[in-house]
Amino acid sequence: MIEPNALAKLREHLPENFDNIFMLTRALTHRSYLNENREVLEDNERLEFLGDSILSFIVAEWLYNKFPEKDEGFLTKVRAALVHTQQLSSFARRIELGPSLLLGRGEANAGGRNRDAILCDAFEALIAVIHLECGLQTVKDFIIPLLESESEEILRSHSEEDVKSRLQEWAQAQGYPAPGYVLVDEYGPDHDKRFVVVAMINNKEIAQGRGSSKQLAEKNAASNSIKKLDITSI
């Protein structure tokens, strides 16, 4: 059974016209809980399958309309970033989804409520049940503000040129080993975590980067390093 206070906090983030607790519970049911509770008939994996496709479509349509001047390669790269496991788990934390998950005892004790993969899967399942109960427009109204909130940072770190590759090419051209990235700090509540990463070249700190995921922080560190080193061409 979902802890009532956790469920109440999660529902504050959901569309007002979504009130099917049975379907919400299914979206929050991990297979480990099913294994320990035989009376439960289904976990969230089928819903995850549907939600993944719905999310991919909504993100693709949003990008297509938002960036009419960009080509297919750019749109594909940014879509991949927006539906990446780390990004979707960040959205799940923002809506305080983790505390409401139904997990087996072992998975819960192992920190499953904060695992990126589990949060991502449950978020996709949640998208599916909102679609099934309220329709596609309600899903768009729910997800697009989340996309907008992260778009500037994601677009900066997923520009048409891969900044990590560019920095690596520069380092190798100078005879240095490939850059390394070191996590030096993380802060903020679980539902809005921020990470700080340092880019290192030849065992020297070049620049820091911050982001809502380690991946974004690394790319921002690479971008800041390129600016600091004044790299204009390779």
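The structure is a predicted model, in which local features need pLDDT of at least 70 and side-chain atom pairs count only at pLDDT 80 or more, while totals for chains, interfaces and linings use all residues. Residues are numbered from 1 along each chain as its sequence is written, and side-chain values use heavy atoms, with hydrogens and water left out.

The protein contains 11 helices and three strands; helices (H or I, at least four residues) and strands (E, at least two) are DSSP runs numbered from the N terminus. Their order along the sequence is α-α-α-α-α-α-α-α-α-α-β-β-β-α. The C-alpha trace spans about 65 × 45 × 25 Å along its principal axes. Of the 234 residues, 46% are buried, where buried means under 20% relative accessible area, exposed means over 50%, and partly exposed lies in between (1.4 Å probe, protein chains only).

Strand 2 (residues 194–201) pairs with strand 3 (residues 204–211) in the antiparallel sense, over seven bridges; two strands pair if DSSP finds at least two bridges between them. Isoleucine 201 has lysine 204 in strand 3 as its bridge partner. The two strands form a hairpin with two residues between them, and asparagine 202 in the turn has a positive phi of about 55°. In a regular strand, side chains alternate between the two faces of the sheet.

Next come the aromatic rings. A pair of them is described by the distance of the centres and the angle of the planes. Rings of Phe, Tyr and Trp (its six-membered ring) pair if their centres lie within 6.5 Å, and planes under 30 degrees apart count as stacked, over 60 as edge-to-face and the rest as tilted. By this rule there are four aromatic pairs. One of them joins tryptophan 170 and tyrosine 176, with 6.3 Å centre to centre and 50° between the planes, a tilted arrangement. Tryptophan 170 counts as buried because its relative accessibility is 16%, whereas tyrosine 176, at 34%, counts as partly exposed. Elsewhere, Phe91, Phe123 and Phe142 form one aromatic cluster.

Charges also sit over rings, which requires NZ of Lys or CZ of Arg within 6 Å of the ring centre and within 35 degrees of the ring normal. Lysine 70 lies over the face of phenylalanine 74, 4.8 Å from the ring centre. Likewise, the charged end of lysine 164 sits over the ring of tyrosine 181, at 4.8 Å from its centre.

Grid points are joined across faces, edges and corners, and a volume is the space filled by probe spheres set on the points.

The largest pocket holds about 190 Å³ of space. It is lined by 14 residues, and the closest to its centre are Ser89, Arg93, Asp116, Lys193 and Phe195. Helix 6 (residues 85–94) gives the most to the pocket lining, with four residues.

Key: 1 Å grid on protein atoms, 1.4 Å probe; cavity = no way out; pocket = protein on both sides within 12 Å on 5 of 7 lines; lining within 4 Å.
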